[in-house]
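I would ask you to keep the sequence and the structure in view while I talk.

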Amino acid sequence: MPDLLRIKTGPMTGLAKIGFHLFDLAAYEFLYRLSPARRLKFFNGGYLPLADDLLSGADEAPHAMMYHLLVRSMVSDLNVAPTRLLDVGCGQGGGLGYVRRVFPQTALTGTDRNGSVVRLARRNLAGLSDVTLVKATGDRLDFPDDSFDFVLSVGAPTYFGLTRFVTEAARVCQAGGTVAFSGGYRQGDHALIEAELREAASAVGLYFVWYANITPNTFASLKADIPRRVELLKQVPWPFSVYGRKWSDLPGSAEYDEYETGKRADFACVMTRP
């Protein structure tokens, strides 16, 4: 389970929880203002192996592959052709840049809670037309009902809360639209995760299409990315380097150990709105 969620449900006192949350917010903003992260296009983890039909020349290919998985590989039988797509937790915009290559005519909207990241995304996507980027907080998608015909999210539903995310995604998704997302939990259980998602989908009238355990793929990408992560962390000052190390899941961390021991549960899921 990600540390923020672990803190919320763990035994720490109220003041400790508030302190952690404030540090989490400050570190997240800092990393995208003054650290090497500001030069990256993706915040999300990656996926290996790369698909044969991954578009050539993709920035940070294993990370782009996570978007490819959700907008192409896992929806290949649905013949999706969205006109308006929402990316919840869009990070620096690399994923939206890749999505535009897959769907050249689609109007794109991205949200992220980090104002620094939203500014980076605007810079990274400045050459693209019909792109809207919004700083968003809380557990509600601040859009009218039926605003999009494809709702996408890489990683953010874990922090949003799975049932809450599915409920909000269903609300803003048009009839005939698609909801595709991924997430991951430390000490997770795929049977419980899938059961929660199926129940949430049923409660809001979504059709449950597909659930996949992608942990071996995300772990393969993590291992391949270790040298790059180590070099980037050398450029991050203390105490934010501590936060960065936990995010980086490097060998020796509890996060990496949970991958090795099979306690990590990363998943991808697709639903549709009839």
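Let me begin with a definition: two strands pair if DSSP finds at least two bridges between them. Helices (H or I, at least four residues) and strands (E, at least two) are themselves DSSP runs, numbered from the N terminus. With that in hand, please look at strand S2, where glycine 110 is the bridge partner of aspartate 87.

Before I continue, a word on the source. This is a predicted model, in which local features need pLDDT of at least 70 and side-chain atom pairs count only at pLDDT 80 or more, while totals for chains, interfaces and linings use all residues. Residues are numbered from 1 along each chain as its sequence is written, and side-chain values use heavy atoms, with hydrogens and water left out.

Now the overall picture. The protein chain has 11 helices and 7 strands. Of its 274 residues, 52% count as buried; buried means under 20% relative accessible area, exposed means over 50%, and partly exposed lies in between, using a 1.4 Å probe and protein chains only. Contact means heavy atoms within 4.5 Å. Among contacts between residues at least 6 apart in sequence, 71% join residues at least 24 apart.

I turn to the sheet. In what order do the strands lie? The 7 strands form an open sheet in the order S3-S2-S1-S4-S5-S7-S6, and the pairing is mixed. Strand S3 (131–135) and strand S6 (207–213) are the edge strands, each pairing on one side only. On average, neighbouring strands of this sheet are turned by 15° against each other, direction ignored.

Let us follow some of these pairs. Strand S1 (residues 84–88) pairs with S2 in the parallel sense over 5 bridges. S1 is also joined to strand S4 (residues 148–154) by 4 bridges, and these two run parallel. Within S4, phenylalanine 150 stands opposite leucine 85. By contrast, S5 and S7 run antiparallel and are joined by 8 bridges, and S6 and S7 run antiparallel with 6 bridges. Alanine 268 in S7 stands opposite serine 182 and also opposite alanine 212.

How many residues of S7 are buried? In S7, 8 of 8 residues are buried. In a regular strand the side chains alternate between the two faces of the sheet. On one side of S7 we find Ala265, Phe267, Cys269 and Met271, and on the other Asp266, Ala268, Val270 and Thr272, all of them buried. S2 (residues 107–112) is likewise mostly covered, with 6 of its 6 residues buried. Ala107, Thr109 and Thr111 point one way from S2, and Leu108, Gly110 and Asp112 point the other way.

Next, the helices. Two packed helices are described by the angle between their axes and the distance between the axes. Axes are lines fitted to C-alpha atoms, for helices over the stretch in contact, and angles run from 0 to 180 degrees between N-to-C directions. Helix H3 (residues 61–73) and helix H4 (residues 94–102) pack at an angle of about 45°, with their axes 9 Å apart. H3 is therefore oblique to H4; angles under 35 degrees count as roughly parallel, over 145 as roughly antiparallel, 65 to 115 as roughly perpendicular, and the rest as oblique. From H3, Ala64, Tyr67, His68 and Val71 meet Gly95, Leu96, Tyr98, Val99 and Val102 in H4.

The second pair is helix H7 (residues 162–172) and helix H8 (residues 190–203), which pack at an angle of about 30° with axes 9 Å apart. H7 and H8 are therefore roughly parallel to each other. Leu162, Thr163 and Val166 of H7 make the contact with Ile193, Glu196, Leu197, Ala200 and Ala201 of H8. H7 also lies across S1, S4, strand S5 (173–185) and strand S7 (265–272), running at about 160° to S5.

Finally, two individual residues. Is asparagine 44 buried or exposed? Asparagine 44 counts as buried because its relative accessibility is 11%. This residue lies in the loop between helix H2 (14–31) and H3. Leaving aside neighbours within four places in sequence, asparagine 44 is in contact with His63, Met66, Tyr67 and Val154. Arginine 122, in helix H5 (residues 115–124), counts as partly exposed because its relative accessibility is 45%. Between arginine 122 and glycine 110 there are 10.0 Å in space, C-alpha to C-alpha, and the two are 12 residues apart in sequence.
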